[in-house]
Amino acid sequence: MAPLWRLLAVSIFLRCWCDASRTSVSSSGQRGASNGERVKRGWVWNQFFVVEEYTGTEPLYVGKIHTDSDEGEGNIKYTISGEGAGSIFIIDELTGDIHATERLDREEKAFYTLRAQARERLSDQLLEPESEFVIKVQDINDSEPKFLEGPYIGSVAELSPIGTSVLKITASDADDPSYGSSARVVYSVLDGEKFFTVGRHTGIIMTAVADLDRETQDRYELVVKATDMAGQLGGLSGSTTVTIVITDVNDNPPRFPQKMYQFTVSEGAAVGTPVGRVIASDADMGDNTDMSYLIQEGGELFKVTTDAVTQEAVVSIKKPLDFETKRTHNVVVEAVNKHVDPRFVDLGTFRDQTIVRVSVSDVDEPPLFQPVAGAILEVQEDAKVGALVGVVSARDPDVKNKPIRFSIDRATDQDMIFHIDPNSGAIMLDKILDRETAGWHNITVKAEEKDNHTMASQSDVSIRILDVNDNPPELATPYEASICEDAKAGQIIHTISVVDKDEPQTGHHFYFTLAPEASGNQHFALWDVKDTTAGIRMERSGFNRHEQNVYFLPILVVDSGPPSLSSTGTLTIHICGCDTDGSIQSCSATAYVISAALSPGALIALLVCMLILIVLALLILTLQRHRKGKRIAEDEEDMRDNVIKYNDEGGGEQDTQAYDMSALRNLYDFPEAKVGEPGGAEARPPTATARWPQGSRPTAGDFSLFEGYIRKKVEQADGDLSVPPYDSFQTYAFEGAGSPALSLSSIHTLSTASEQDFSYLGEWGPRFRQLAGYYAPGKPGEDGS
C-alpha cells in the first residue's frame with residue numbers, strides 16, 4: 001500500500017503546487033507597495049499541504065521556506081515555531097525544507113498554523129520579520145458514512161398507496177465535503193427492497209407496494225446502506241437497520257366463528273335471564289374491533305346486549321317463554337362494526353350474522369287464570385241466596401292438563417258472603433246483598449292442581465253489586481223556614497232538596513207535590529224545579545202569628561223507579577214578627593207580647609229594683625235584731641220606719657211601661673221613632689207613668705222640653721229633706737200640647753159614636769198590629785189556618 005499512498009500524495013502535491021504557483025506570499029515587510037514600484041520580495045514560499053494518513057517510513061516532505069536574501073552561501077539559519085513545530089514538523093535550518101514526521105488525520109485536525117524566522121547564522125540577527133504560514137492536511141477518503149441516529153423505527157398504515165413516506169434517515173461522512181467526492185453519500189436498500197424503497201440522495205424511505213396488510217405481517221426489518229464517493233467504485237459505505245411497523249385500519253369486518261349456536265333454557269326462567277353468549281372476531285385491533293350486536297329475527301321474546309369488557313353478545317329473555325306454545329326459537333344475531341372507515345366501504349359489508357337456536361325445556365307450572373288480570377262479575381242486590389254470581393276459569397298450562405280445584409281465600413271474604421264450586425269455579429251467594437252497605441266485594445280465588453297442592457295460583461275477583469230501587473227518596477234535612485207576617489204573595493220562601501241512597505244507571509229524577517192532606521192549602525204552593533230541588537212559594541199575603549204562628553207543609557217526593565218509591569217530608573214554616581227593614585225580630589207569640597211590654601232596659605230596671613228591695617229587707621231585719629240586743633237610751637233620737645206607699649195606676653190597657661226607669665236614662669233612645677211620617681210617629685214616653693193624651697203627642701225633635709222638666713224635678717227631689725234617705729221611684733206626670741195625632745185612648749173612642757176608619761193602623765208597623773186587629777175590619781178569607 002505504501003507505493004499507492006506515495007503516488008497519491010505526489011499527485012495531490014503536484015496539483016496543489018500548480019494551483020499555488022500562480023500566487024506567492026510575501027512577508028509583512030514588503031517595501032514600496034504604496035508607490036507602485038516593483039516590490040522586492042522577502043519571504044518566498046507556496047501553500048503547504050500534507051497528505052493525511054501517510055504511512056511511509058521516511059519523513060514526508062511538506063515544502064520549503066525561503067527568503068530572497070538567501071544567496072545560497074549558507075549564511076542564513078531558518079527556524080519555525082507554532083503548532084507541531086519541532087515534533088510533527090521539522091525544518092532543515094540550512095535549506096528551509098519542512099518535513100512531517102508523524103501520520104496526520106484531517107478528521108482530527110484539518111490544518112496547523114506556524115511561524116517562520118530567518119536569522120543571520122553568525123550574529124543570530126533577524127533578517128526577515130517573523131511570518132505566519134499554514135500547513136493544511138490534505139483529505140483522503142478514509143472515513144465511511146455512519147448512521148449516527150440508527151437504528152430507526154417508523155410506521156405506516158396498512159393498505160397505504162405506493163410512494164407513501166415512512167421516515168427519513170441520514171448518514172454522516174467525516175471526510176471533507178468541500179474536496180472531491182469523499183463525503184458525497186448515496187442510499188440504497190439492501191434487505192426489504194421488495195416492499196420499501198429509499199431516496200438515493202434524500203434518504204426518505206417510501207412504500208414500494210400498495211397491499212401491505214397488517215393482519216398478514218405487522219412489521220418489516222430493512223437494511224439501508226449509505227455509500228460515499230457518490231456510489232463510485234472504491235467508495236466507502238455504512239449500513240443501518242430500519243424497523244417499519246404496519247399500523248391497523250378498519251379493513252376487516254367482524255366474523256362469527258360459527259354459523260349456529262344452540263342453547264337450552266327452562267320455560268320458568270325469569271325475564272332477563274341470560275340464555276347464552278356468542279362473540280364475533282375481528283382481525284383488526286384497537287377501536288377498529290369495537291362492535292355492537294343486533295337481533296334481526298326473534299326479537300319478540302329475546303334481546304341482546306354487549307359485554308363492554310369481553311365484547312361478547314349476551315342473549316337474554318325479554319318475555320316469558322312457554323314450552324306448550326313453542327319449544328324452539330331461532331334468533332338471528334348480527335355483529336356490526338362501530339367505526340367504519342369510508343375508504344374501505346368498497347371492500348364489502350362490515351357485518352356478519354349467526355343463528356342462536358334456543359330450546360325451551362318443560363317445567364310443571366301452576367294453573368293459569370283466564371283472564372290473567374282478574375275477573376269482574378256483576379250481581380243484582382236483590383239476588384236470592386244461592387244465586388249464581390259468575391264463573392271463574394283456570395287451566396293447567398302443562399301438556400298433561402291436570403284437573404284443578406278452586407277455593408276462596410276467606411281472609412278476603414270474612415263475612416262468608418260467597419262460596420265457590422271447587423270443580424266448576426261457579427261463585428254463588430250465601431247471604432243477602434245490600435248495595436247501599438257495600439257496592440263492591442273484592443275476593444281472592446285460589447286454583448291448585450288436585451294432585452300437587454304446591455302448584456297453585458290465585459286471582460282477584462271483583463264483584464259489583466247492581467242497584468235496584470229499594471230506597472225511597474227523602475228530604476235532605478228537616479227543613480224549616482221563617483217568614484214575616486207581612487210577606488208578599490208570590491215570594492219564594494225556601495228551597496228543598498232530596499237524597500236517594502239508590503244509584504240508578506239512568507240517573508235520579510224526582511217528582512215533587514204536596515201531600516194529599518195539604519191539598520186544601522191556600523197559603524203555600526210547591527214549584528218543581530225539575531231536578532233534585534223544589535221551591536216553596538207563598539200564595540197569599542198577610543199572616544197573623546197570634547192566630548197561628550207555625551204551619552206544617554207535608555211534601556210528597558216520588559222517584560223514577562222502577563218501581564217508583566215515595567216518601568213524605570214536612571216543611572215547618574214559622575210566622576215571625578219583623579221590623580220595618582224586613583229583619584226577623586221574633587217568631588214566638590208569647591215572646592212578641594213580652595217584648596212589646598218590656599224592653600231590655602225595662603227588664604234591667606226591674607232586676608235592679610228587686611235587688612234594692614232585697615237589700616232593704618235585709619237591712620231592716622238586721623236593724624231589728626240589733627235593737628233587741630241593746631237598750632234604747634232615753635236621750636237617743638226615736639227612729640221610725642218610713643213606709644212609702646206607692647198606689648199609682650198605670651196608663652190604661654196594654655200600658656205595662658208604668659215604671660220604665662230606662663226611659664229616664666236613655667232620653668235619646670227611640671229606636672222605633674219615625675220622623676216625618678204623617679199620622680203619628682211612635683215614641684216611648686219619657687217617664688214611667690206618662691201617657692200621650694189626645695192632641696199632646698210629641699215628635700222626635702222635642703227632647704229639650706222633657707229634659708228641662710225632668711232636670712227640674714230631680715233638683716226638687718234632691719233638695720227636699722222630707723224625702724226618705726233611700727232610693728225610691730219618683731213618679732212624674734207631664735202632658736204636652738199640640739200633638740197633631742188624635743187621641744188613641746180606648747175610653748175616648750168608646751165614649752163617642754164615631755164611625756172613624758182605623759184601617760191606617762195597619763201601616764204603622766208591627767207595634768200597632770194588635771191594636772189594628774181590634775179596630776180595623778177583618779179581611780175575608782183569613783181563617784187562620
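Two strands count as paired if DSSP finds at least two bridges between them. With that in hand, let's walk through some strand pairings in this predicted model.

**Around strand 32**

Strand 25 (residues 375-380) runs parallel to strand 32 (residues 452-466), and 6 bridges link the two. Within this pairing, Leu-377 has Ile-463 of strand 32 as its bridge partner. Strand 32 also pairs with strand 31 (residues 440-449), here in the antiparallel sense and over 10 bridges. Glu-448 faces Ala-456 of strand 32 as its opposite residue. Strands 31 and 32 make up a hairpin, with 2 residues between them.

Elsewhere you can find an open sheet of 4 strands, ordered 17-23-22-19, whose pairing is mixed. Its edges are strand 17 (260-266) and strand 19 (291-297), each of which pairs on one side only. On average, and ignoring direction, neighbouring strands of the sheet are turned by 30° against each other. Strand 22 (residues 328-337) and strand 23 (residues 351-361) are an antiparallel pair, and Val-331 sits opposite Val-356 of strand 23.

Here are the pairings side by side:

| Strands | Sense | Bridges |
|---|---|---|
| 22 and 23 | antiparallel | 9 bridges |
| 25 and 32 | parallel | 6 bridges |
| 31 and 32 | antiparallel | 10 bridges |

**A buried histidine**

His-523 belongs to the loop between strand 36 (510-514) and strand 37 (524-528). His-523 counts as buried because its relative accessibility is 5%, and buried means under 20%. The side chain of His-523 also makes a polar contact with the side chain of Arg-540, at 3.3 Å.

Technical notes: Residues numbered from 1 in each chain as written. Predicted model: local features only at pLDDT ≥ 70, side-chain atom pairs only at ≥ 80, totals over all residues. Heavy atoms only, no water. Axes fitted to C-alpha atoms, helices over the stretch in contact; angles between N-to-C directions. Buried < 20%, exposed > 50% of the residue type's maximum accessible area, 1.4 Å probe, protein only. Polar contact = N/O pair within 3.5 Å; in protein donor to acceptor, adjacent residues only side chain to side chain.
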